[in-house]
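Here is a short briefing for a first look at this structure. Keep the sequence and the 3D view side by side.

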Amino acid sequence: LAAGCSRNGAELGDIRPELGDFRLCYNIVTTNDAVQGPLSRAADLDVFADHLRDEIDRRFGRYEGDRLYHLAMHIDAYVLALPGVPLVASPRSALIVGVDVWDDQLGHALNEEHEQMTVLESAGGSSILGSGLTQNADQQMQYYFQTGALRIEDWLVEHPEWFQHPGDATD
């Protein structure tokens with residue numbers, strides 16, 4: 001988690017060879033039953049889903065492998081920090097998202113259990129006093145989607161066996 005928060009999600013970095021034959025096909029985000037956490041600003045969940053989908057497309061659309069994969073995500077919960085009192089109550093934000101990766105050719109999810117990721121606001125940069133004081137809801141969301149997409153990429157990189165199929169013919 002700390003690595004996902006400390007890296008700048010806005011920068012894509014290099015294409016990671018561990019993702020082998022990965023090519024993003026479907027990018028699905030659902031928000032049904034998403035929970036607004038305590039002391040959170042309200043969010044339009046359709047906008048939430050659209051922004052997360054856009055960020056996943058941005059991060060994973062650059063991979064041009066020969067095999068199609070789908071990312072299915074569900075926003076489970078969120079906290080968009082409200083403004084507080086500096087140095088007394090500096091609310092922090094969080095995003096909890098569940099992820100599954102599907103291999104199109106095999107027709108099933110590659111992860112046995114739904115992967116749940118928590119992205120927490122780091123204490124640094126423009127959020128040193130808490131993002132509720134320094135950022136509007138859109139700016140907070142953008143940070144979480146960039147960081148969340150990076151966390152998903154890091155998770156996929158931990159499983160290079162999912163993306164190596166040397167015996168398969170190209171699709």
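D44 caps the N-terminal end of helix α2, with a side-chain oxygen 2.9 Å from the backbone nitrogen of D46. This is a predicted model: local features need pLDDT of at least 70, side-chain atom pairs count only at pLDDT 80 or more, and totals for chains, interfaces and linings use all residues. Residues are numbered from 1 along each chain as its sequence is written, and side-chain values use heavy atoms, with hydrogens and water left out.

**Helix α2**
- Helix α2 covers residues 45-60, 16 residues in total. Helices are DSSP runs of H or I with at least four residues, strands are E runs of at least two, and both are numbered from the N terminus.
- From first C-alpha to last, α2 reaches 22 Å, close to the 22 Å expected at 1.5 Å a residue. The expected span is 1.5 Å times one less than the number of residues.
- The buried residues of α2 are F48, A49, L52, E55, I56, R59 and F60. Buried means under 20% relative accessible area, exposed over 50%, and partly exposed in between (1.4 Å probe, protein chains only).
- Seen down the axis of α2, its buried residues fall within an arc of 130°, so they line one face of the helix. The arc is that of the directions from the helix axis to the C-beta atoms.

**R62**
- R62 sits in the loop between α2 and β3 (67-79).
- R62 is buried, at 17% relative accessible area.
- The R62 side chain reaches two backbone oxygens: that of L12 at 3.2 Å and that of G13 at 2.9 Å.

**Nonpolar core**
- The largest nonpolar core has 34 residues, and F60 and L156 have the most contacts inside it. Such a core is a set of buried Ala, Val, Leu, Ile, Met, Phe, Trp, Tyr and Cys residues joined through side-chain atoms within 4.5 Å.
- Helix α4 gives the largest share of this core, 8 residues.

**Aromatic pairs**
- The whole structure holds 11 aromatic pairs. Rings of Phe, Tyr and Trp (its six-membered ring) pair if their centres lie within 6.5 Å; planes under 30 degrees apart count as stacked, over 60 as edge-to-face and the rest as tilted.
- Y69 and F163 form an edge-to-face pair, 5.0 Å centre to centre with 70° between the planes.
- This pair links distant parts of the chain: Y69 lies in strand β3 and F163 in the segment after α4, 94 residues apart.
- Both Y69 and F163 are buried.

Notes: A polar contact is a pair of N or O atoms within 3.5 Å; within protein, one must be able to donate a hydrogen and the other to accept it, and residues adjacent in sequence count only if both atoms are side-chain atoms.
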